[in-house]
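Open the model in a viewer and keep the selection panel at hand. The stops below go from one selection to the next.

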Amino acid sequence: MNNKNILKLNKADKLIYKYANFIILFLFVMFLIFILAKTVFPSQFFTFSFANINSLKNTITDVAQGDNRINFYTSTPLKFSHVQIELELKESAPEIENKIITVQKSYKAFFYPETASLVNISDKEENSLVSIDDSVFIIGNKKKTPIDSTVTFESLGYSWDNLHLNTTDLSTYEKQKLANLDAAHPTGTILKTAEKSSYYFIEDYTKKRITNPSTESIKNSIFVEEKSLVTKELCTLEKKSLLNKKYSCTATLSQLAKLIGKDYRFVIDDLPADIKIEKINIEFKKSISQDNFKFFLGDLKKKILYRFGQGDE
C-alpha cells in the first residue's frame, strides 16, 4: 500500500472530528432517552373545536354549555399523574381568569342526574352480554349495542364471566352505535357501589336508586364508587401570555387515578354569559417518578403473562 495516499488529520481537525463524534453520540443517546421516556411515561391529548363541532378530530365528548356553565368529558383507561386544560377564546376575556375547573372521574352514567327511586326492577330489563361469531353485544330493551374491542369491553367494567353465546333471535333488536372508549352505559345497565352495595338502574340518561334490589336476579352489575361523586381535583385558570387568547391550568390526579371508571368529567361554573370559547385542549401526562415507573413495569409484566396465557395465575 502506498502510504503517500493516506490522508492524515492535523491536530486541530482531529479535535473537531472527536467533538463531532461526541455530539452525534450525545444526540443519539438523548433521542433514545426521549423515546424511552415517552414510552414509559406517555401523554394523551384530547381536543374539541367549537367551529367544527361535528369534526372527527374532536376527541372531547358530551360538551354541554348553558346557564353560565360548561361541562365536558374525556375517556381513557390509562392512568396519569396530572392533566393540563387549555381554553382558547375568540377574544381575550380577563373575567375568565381565576375561574375554577373541577375534575372528577367515574363512568358517564354514574354522573347522570338521580331521579325517582325504584322499589325493585321487576318491571325493568337488565342488559346482558352476548357473543355472536367474533362480535360482542350489549343487549336489552329491544336494542343491541356492538362493542368495538376488548379494551372497551373491560374499560366499561364488564366481566368476561358474564359473556354468553347468543341463543335468541336478535333480528328484531334495534342496532345502536358502535360502543368505543367514549361510550356511556346504555339504558338497562345496573351500577353497584363498591362501598355500600347500593344499586342504580340507568334509564334514559338518568340513574335511579333501587331501594329493594333482588340481588339474586341481578346478573351483570358494574362497579362504581360513591366517593367518585364527591372526590374532586381543582385548578385555577390563568392567561398563558399577554398576547394570546389562551387560558390554562394544571390539575393533579393523585386522588382520581385510584377511582373506578374511564371517564373524566370537567366542569367550569360562573362563566360570563357572553364568553365565546373557540377550542378546548386537554393533555394527560405522567410525571417521571418511581411509582409511575413501577406501574409501567407491573403493567408490562401483566401484558407479557397474558401474551403467554398466564394472566390468571
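A charge sits over a ring if NZ of Lys or CZ of Arg is within 6 Å of the ring centre and within 35 degrees of the ring normal. In this predicted model, select Lys207 and Phe110: the charged end of Lys207 lies over the Phe110 ring, 5.3 Å from the ring centre.

Next, select Ile101, Phe266, Ile282 and Phe284, the residues with the most contacts inside the largest nonpolar core, which has 31 residues. Strands that each supply at least two residues of this core include S1 (44-49), S5 (100-106) and S20 (277-285). A second, separate core has 18 residues, among them Ile138, Phe153, Ala179 and Tyr200.

Stay with Phe284. Beyond its neighbours within four places in sequence, Phe284 is in contact with residues including Pro42, Phe46, Thr74, Phe80, Leu253 and Phe266.

Now turn to the aromatic pairs, of which there are 11. Phe80 and Phe284 have ring centres 5.4 Å apart and planes at 40°, so this pair is tilted. Phe80 is in the loop between S3 and S4 and Phe284 is in strand S20, 204 residues apart. Phe80 is buried at 4% relative accessibility, and Phe284 is buried at 0%.

Select Tyr112 and Tyr205 next: this pair is edge-to-face, 5.8 Å centre to centre with 75° between the planes. Tyr112 is in the loop between S5 and S6, Tyr205 in the loop between S13 and S14, 93 residues apart. Which of the two is buried, and which exposed? Tyr112 is buried, with a relative accessible area of 13%, whereas Tyr205 is exposed at 64%.

Finally, select Phe46, Phe72, Phe80, Tyr264, Phe266 and Phe284, which ring pairs link into a cluster.

Notes:
Residues are numbered from 1 along each chain as its sequence is written. This is a predicted model: local features need pLDDT of at least 70, side-chain atom pairs count only at pLDDT 80 or more; totals for chains, interfaces and linings use all residues. Side-chain values use heavy atoms; hydrogens and water are left out. A nonpolar core is a set of buried Ala, Val, Leu, Ile, Met, Phe, Trp, Tyr and Cys residues joined through side-chain atoms within 4.5 Å. Buried means under 20% relative accessible area, exposed over 50%, partly exposed in between (1.4 Å probe, protein chains only). Helices (H or I, at least four residues) and strands (E, at least two) are DSSP runs, numbered from the N terminus. Contact means heavy atoms within 4.5 Å. Rings of Phe, Tyr and Trp (its six-membered ring) pair if their centres lie within 6.5 Å; planes under 30 degrees apart count as stacked, over 60 as edge-to-face and the rest as tilted.
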